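Here is a quick walk through a structure, starting with a single chain and moving on to how the copies meet.

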Protein chains: 2
Amino acid sequence: MSFALYAAPIVGVVALLFAFYKASSINKVSPGNDRMKEIAAYIQEGAMAFLSRQYKSLGIFVAVLFVILAVVIGMTTAITFLFGALFSIMAGFFGMRVATKANVRTANAAMESGMTKALNVAFSGGAVMGMSVVGLGLLGIGVSYIVFRDPAIITGFGLGASSIALFARVGGGIYTKAADVGADLVGKVEAGIPEDDPRNPAVIADNVGDNVGDVAGMGADLFESYVGAIVSAVTLGLIAYGDNGVFFAFGLAAVGILASIVGVFFVRGDGDPQKSLDKGTLVSSLLTMIVGALLSIMILGSFQPFVAIIAGLVVGLTIAKITEYFTSAEYNPVKRIAKESETGASTNIIGGLSVGMMSTALPIIVIAIGILVAYFVSGGAAEPAKGLYGIALAAVGMLSTAGMTIAVDAYGPIADNAGGIAEMCKLPEDVRKITDKLDSVGNTTAAIGKGFAIGSAALTALALFSSYTQAVQLTAIDLTKPAVIAGLLIGGMLPFLFAALTMDAVGKAAFSMIEEVRRQFKEIPGIMEGTTTPEYATCVDISTKAALKEMIIPGLLAVAVPVFIGLLLGAEALGGLLAGALVTGVLMAIFMSNAGGAWDNAKKYIEEGHHGGKGSEAHKAAVTGDTVGDPFKDTSGPSLNILIKLMTIVSLVFAQMFVLYGGILF
Amino acid sequence: MSFALYAAPIVGVVALLFAFYKASSINKVSPGNDRMKEIAAYIQEGAMAFLSRQYKSLGIFVAVLFVILAVVIGMTTAITFLFGALFSIMAGFFGMRVATKANVRTANAAMESGMTKALNVAFSGGAVMGMSVVGLGLLGIGVSYIVFRDPAIITGFGLGASSIALFARVGGGIYTKAADVGADLVGKVEAGIPEDDPRNPAVIADNVGDNVGDVAGMGADLFESYVGAIVSAVTLGLIAYGDNGVFFAFGLAAVGILASIVGVFFVRGDGDPQKSLDKGTLVSSLLTMIVGALLSIMILGSFQPFVAIIAGLVVGLTIAKITEYFTSAEYNPVKRIAKESETGASTNIIGGLSVGMMSTALPIIVIAIGILVAYFVSGGAAEPAKGLYGIALAAVGMLSTAGMTIAVDAYGPIADNAGGIAEMCKLPEDVRKITDKLDSVGNTTAAIGKGFAIGSAALTALALFSSYTQAVQLTAIDLTKPAVIAGLLIGGMLPFLFAALTMDAVGKAAFSMIEEVRRQFKEIPGIMEGTTTPEYATCVDISTKAALKEMIIPGLLAVAVPVFIGLLLGAEALGGLLAGALVTGVLMAIFMSNAGGAWDNAKKYIEEGHHGGKGSEAHKAAVTGDTVGDPFKDTSGPSLNILIKLMTIVSLVFAQMFVLYGGILF
């Protein structure tokens with residue numbers, strides 16, 4: 001059954017070719033008039049400048065870690081690590097490059113041809129991102145495994161992907177929110193000019209932020225989940241089913257990619273954009289399920305592992321639905337926050353925090369049930385190795401159609417950017433209407449994507465955790481031991497610390513941005529009259545510098561703490577730490593993302609005319625909540641997903657060291 | 001060495017006699033003029049009305065649980081449960097009764113004799129509370145153990161104490177914050193009348209709230225910690241050292257009470273009140289340490305267990321210092337929040353949330369180190385039973401001088417109430433100055449008390465957790481099993497759910513209060529002119545009803561979920577649940593308490609004239625933060641301390657059932 005293994009890198013290359021084809025089809029679309037080209041160039045230059053400077057900083061980090069790995073673990077792991085980091089960077093780079101081309105072309109398509117063509121361009125941009133991510137991911141792990149045939153070594157690839165993902169998410173999150181808050185608080189609130197107005201000095205930085213945060217950051221995030229899930233399935237599959245366990249994991253991933261490519265063709269954009277996207281998603285999911293079921297019987301000789309995959313899918317979809325309930329203005333929670341805004345900002349804040357905390361309950365229960373079902377259906381206590389493999393498969397199942405999920409997810413910020421360009425270039429009113437429609441559809445799909453991201457992060461982290469316990473040869477991680485409890489407490493604390501650090505970073509960066517925008521309005525004459533172009537570049541520079549500076553400490557923390565605790569307290573206490581971080585990391589991620597989403601939509605709900613509408617006291621209170629929610633949902637919350645996986649994968653890579661030298665203290 | 005066992009109830013009675021003596025000395029102080037008596041009577045009636053109605057509701061709960069325990073576990077456990085509940089109720093009742101007498105007498109003493117006498121009366125009130133708590137606690141467990149000689153049965157006493165504590169904390173917390181927010185938002189902000197103005201219809205409810213929340217709620221909370229720590233030390237001591245382990249636990253507790261009584265005599269109130277209180281605390285701590293060390297050598301034949309006790313004390317003191325750093329306006333975090341208030345409510349909120357999250361890091365590390373030191377110094381992996389006993393002793397050591405800690409803690413709200421009465425009765429300016437001075441000293445001591453409450457809750461919960469694993473005869477709680485991870489996830493989620501429920505409850509109750517106060521201002525003529533007395537009773541009634549109604553679901557949840565999960569997933573998964581709840585419970589408690597404290601003091605710092613002072617935009621933003629912080633620090637945060645202990649003790653009591661019937665699903 002080794003065909004499935006060799007199919008993996010081939011399908012990876014197919015995905016990349018498909019991405020290349022889609023990218024060149026976007027290039028053929030006209031970027032519009034000179035003004036549009038000019039604005040688009042600003043955004044593209046800003047985004048690329050950020051990426052190249054970020055990559056330079058990361059280069060140092062990668063080089064240092066490469067040397068450490070080469071010395072401590074071995075040259076082969078160090079090399080796969082290097083490739084993992086490189087591929088992650090490439091995925092982000094490709095995605096961002098095409099997104100910054102697709103945005104202006106979407107705006108132009110909306111102007112020249114209307115909704116259908118605009119959706120096509122925007123979605124093609126997303127598809128390039130999606131296919132780059134899964135293509136590079138599967139190609140990288142596939143080749144690494146074929147060459148080394150050792151799960152421990154391909155874990156290095158996962159480490160490369162994870163560490164870049166964390167920096168990209170944190171850096172991108174800080175960048176985008178600093179620019180967003182700065183542009184809003186001074187431009188919209190103080191100067192009273194509309195969103196995306198070219199007179200706002202931070203407007204380019206804001207649009208660059210959408211790309212580096214929502215496109216590159218999100219892409220690196222899902223690249224990591226994707227790689228992590230496959231790595232853990234390979235590790236656990238080898239133990240449970242021998243080579244066949246490995247083959248099935250790769251085969252399933254390959255099928256998912258092919259099905260996603262088919263799905264992309266079903267997104268035609270004729271009629272309702274939402275339905276069009278749904279159709280594509282449905283087709284690729286169904287195809288994956290059918291072929292996946294056949295593969296399960298063919299390769300593993302059993303239908304049961306496939307049930308685990310279904311369990312993973314159901315978990316993802318259910319969390320998506322729950323997320324929608326707590327964050328959409330259709331339902332009670334958001335409506336209640338909107339109503340509570342009438343009595344002021346404090347009741348709005350309490351309401352949002354409470355909704356966010358409340359919203360953790362059901363997803364956690366669903367994840368718990370999902371774990372138990374995946375485990376017991378595929379082996380259970382009688383065959384625990386197969387059971388754990390089932391959990392990893394649930395994660396892979398959820399992520400197998402990531403090519404499609406990312407395409408649908410990344411299309412949103414492209415449409416959003418197109419709207420910004422339309423505004424800045426003063427394109428006709430109906431262009432903005434089309435991009436607004438596309439953007440609002442993007443918000444719904446983003447909620448679903450978020451559900452999948454959280455669900456898959458939890459399952460992947462758990463599967464990696466199981467791989468870790470295998471790697472350090474622990475038969476148990478025993479909570480009755482005080483060292484394990486100490487690890488659990490410290491691990492549980494890390495997401496709180498991490499969230500505090502990233503929120504502070506946004507605060508600091510936003511503060512500098514606010515001061516710069518105020519300075520420009522005051523010192524440069526003619527900005528408000530539109531006779532002088534503001535100094536966009538200095539704002540871009542502030543966001544860039546702040547993001548690069550502030551991403552360092554949280555990033556290093558995530559890598560250093562597991563190694564430190566593993567050496568000091570030993571492998572079992574480190575297991576406790578990983579479990580603690582998993583629990584509070586997932587909880588805080590759900591809490592922060594959903595609270596932020598709920599505040600955002602409560603504000604929009606009021607802006608639609610409820611509770612006094614725009615400009616009312618309720619609206620002011622809701623704006624406060626939304627601003628608090630910004631770093632919650634776009635910086636701290638999503639970073640936690642990566643944090644828990646990265647810490648586990650660091651522990652997994654250094655497992656052998658902890659077995660040999662861990663537990664210095666005892 | 002059984003003298004120590006028999007000494008326990010005797011010393012308990014001594015403490016109660018001392019409380020009685022102190023209470024009668026308060027009674028001899030004049031309650032002042034007719035107006036003061038009238039206002040004090042309103043507060044006392046309101047408080048007593050709340051308690052009696054709360055006890056009626058709890059009666060049903062206690063009766064039902066009594067029957068369940070009698071049928072499922074055994075009549076003896078059911079009886080000790082009943083006594084635990086009864087004693088907890090009595091501790092709350094005594095404390096509140098004397099507090100509502102001491103408040104008006106403190107005000108009068110301040111008017112007639114000055115600071116020294118006023119401190120004496122207020123502190124005597126606190127001492128009655130403290131001595132009632134420790135006296136009833138030690139008497140109850142001591143007699144239960146002498147009669148039954150079975151740790152499993154005295155756990156019933158702990159269950160009684162815990163369940164009442166949870167309802168008292170949650171109910172009291174909802175009561176006080178609903179009244180506080182209602183009185184502030186309508187009275188201070190909308191009508192523009194000062195704090196504690198008799199024209200405010202919610203003013204009596206607000207002052208009643210200080211008593212039912214800060215005095216009765218806090219007393220029940222510490223009664224539970226105190227009892228829980230001793231119960232776990234007895235359980236683990238019997239395993240580690242046989243009867244001597246039990247004797248030492250009781251002996252240490254008895255010594256702590258006697259030392260606290262001596263300490264009370266050192267609080268004379270001459271000179272600086274802060275120094276006076278510090279002297280009393282220092283004397284009782286030193287005495288306990290010296291005699292404790294001797295007892296350790298005498299009874300256990302080793303100095304090592306005593307080192308564990310010192311570790312516990314150091315943990316408590318260190319957390320108190322850290323709490324002070326993050327919540328006092330002397331230091332950077334609060335100053336930064338104050339500065340961030342200049343850019344509006346949203347930056348103030350982000351700042352407070354970030355400080356709260358950041359403030360979890362050090363306490364958690366300190367607790368982790370404390371656990372490891374207590375464990376390894378008293379036995380470690382070579383003698384794990386003695387090591388676990390060491391952790392329990394660390395908790396007992398921290399709580400042994402609870403009589404003094406509570407006295408110092410409860411004196412604050414009495415002084416606060418005295419200030420309220422002075423305001424309402426229009427007593428001379430310098431009376432208010434004295435009570436303000438006493439109140440501000442109380443705020444500092446409250447921070448230290450909070451550090452001890454959180455630290456002791458963590459250690460007690462952990463010791464109870466160890467007792468649980470012994471009771472269900474588990475040799476390991478293995479995190480590599482998916483059922484344990486599922487338990488860990490669900491347990492970790494419960495504090496988030498619990499916090500959301502209690503925050504919502506405060507929100508709902510405050511909303512009714514706001515509407516009622518608005519109604520009275522509008523419909524009753526002459527209130528603002530001071531010619532008509534507002535209908536205080538309806539406001540008191542609203543807080544009472546809301547508190548009673550809203551405390552039910554969170555309370556039942558805490559009792560029902562462990563039983564449900566234990567039966568469904570088995571004893572080991574329940575162990576995972578308890579560990580998960582412990583971790584996020586401690587984290588959320590620290591986060592919420594400290595964020596609330598920091599917001600509160602940032603507001604006060606601005607009111608002192610910084611960043612524009614009272615009435616400035618920064619002040620408005622800071623008021624928003626303070627209002628968000630109210631349910632954080634006075635309702636949800638402190639309730640979590642109890643939640644984690646209660647769930648563990650429920651599991652401990654029903655342990656046998658899980659061994660026999662647990663794990664239906666598998």
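Of the 666 residues of chain A, 71% count as buried, meaning that 20 or more other C-beta atoms, placed from the backbone, lie within 10 Å of a residue's own. Bear in mind that this is a predicted model, where local features need pLDDT of at least 70, side-chain atom pairs count only at pLDDT 80 or more, and totals for chains, interfaces and linings use all residues. Residues are numbered from 1 along each chain as its sequence is written, with chains lettered from A and ligands numbered from 1 in the order in which they are written.

Chain A has 21 helices and zero strands (DSSP runs of H or I, at least four residues, and of E, at least two, numbered from the N terminus). Its C-alpha atoms fill a box of roughly 70 × 50 × 50 Å along the principal axes. Take contacts (C-beta atoms, placed from the backbone, within 7 Å) between residues at least 6 apart in sequence: in chain A, 84% of them join residues at least 24 apart.

Now the pairing. The contact takes 59 residues from chain A and 59 residues from chain B. On the chain B side, H16(B) gives the largest share, 17 residues. Here are some of the helices that each supply at least two residues to that side:

| Helix of chain B | Residue range |
|---|---|
| H11 | 345-358 |
| H15 | 429-471 |
| H16 | 482-523 |
| H20 | 617-653 |

Of the interface residues of chain B, 98% are also interface residues in chain A, so the copies meet through the same surface.

Methods. Buried ≥ 20, exposed ≤ 12 C-beta atoms within 10 Å, placed from the backbone. Contact = placed C-beta atoms within 7 Å.
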